[in-house]
Amino acid sequence: MHLPAESYERTGGNGRTESVRPVIFVVEDEEDIARLISHNLQAAGFEVQSFVSGASLLIEAVREMPALFLLDVMLPGTDGFELCRHIRQTPVLSATPVIFLTAKTGEADRVKGLELGGDDYITKPFSPRELVARIRSVLRGLGQAPVASEVLRLGELEIDVSSMTVQVQGRNVLTTVREFRLLEYLATHRGRVLSRDQLLDAVWKETPFVTPRSIDVYIRRLREKIEPDPRHPQYLKTLRGIGYRFEVPR
Ligand code: CA
């Protein structure tokens, strides 16, 4: 079976796909700031790889496929803007979000950063909380518009949209970002029948190599994570030949 590629999953030595935390690539030449960023992002549930310059960034990025780049603009050698230009020209990385980090506050720089394909722009000094919120907001923006309610409580399930966490009977369940998006989309459209194509459009918008059948793989994985008995699902119902429907069990 062709498994959809996903930046948030890696295949371990045993060939099994494992969930990991989203990886953020950070380029920051000021050591103290780099440490502060790294500490706070890790505490917020991200994995961080820090670089002091952009020299090895692209090679590593193509290998690792990070979820997001956080680029300081003023760097020795290649600056953050130039790095962003390279990222946007690298096919496998071109859709990966970029957030600029800089002491420059001029409107011209802000515009330049966004024109180069940056997704957001954070000026120093920044609060760690703001940084985390902006990163989450950019990552969330990849899938769909945020829903009004931040926490969905459905049966024994709790889906926290802002922290992208899922709990089953108060127990944390690890999901990949795509699994989370799929579950979130189904849950916010609960009671409605959604075809594989609809789900694909909603969750995998810009990923051409994912096929409608891949949805089945994701649904199966989600069932194993959230259903008390995955063979007799209560939440994620199959409508044979049509698609899927999220139901809230009584
Ligand atoms: Ca700098």
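Mentor: Buried means under 20% relative accessible area, exposed over 50%, and partly exposed in between (1.4 Å probe, protein chains only). This is a predicted model: local features need pLDDT of at least 70 and side-chain atom pairs 80 or more, while totals for chains, interfaces and linings use all residues. Residues are numbered from 1 along each chain as its sequence is written, and side-chain values use heavy atoms, leaving out hydrogens and water.

Now the site. D29 (OD), D72 (OD) and M74 (O) coordinate the calcium ion at 2.2 to 2.3 Å. Donors are N, O and S atoms within 2.8 Å of the metal (3.2 Å for Na, K and Ca); water is not among the atoms, so sites may look incomplete. The donor spacing in sequence is D-x42-D-x1-M. D29 sits in the loop between strand 3 (23–27) and helix 1 (31–43), and M74 in the loop between strand 5 (68–72) and helix 3 (80–89), so the pair ties together parts 45 residues apart in sequence. Helices (H or I, at least four residues) and strands (E, at least two) are DSSP runs, numbered from the N terminus. D29 is partly exposed, at 33% relative accessible area.

D120 lies in strand 7 (residues 120–123).

Next, confidence. pLDDT is the predictor's confidence in each residue, from 0 to 100. The protein chain has a mean of 83, with 84% of residues at 70 or more. Strand 3 has the highest mean, 96, and strand 1 (residues 9–11) the lowest, 41. Where pLDDT is low, the predicted coordinates should not be read in detail.
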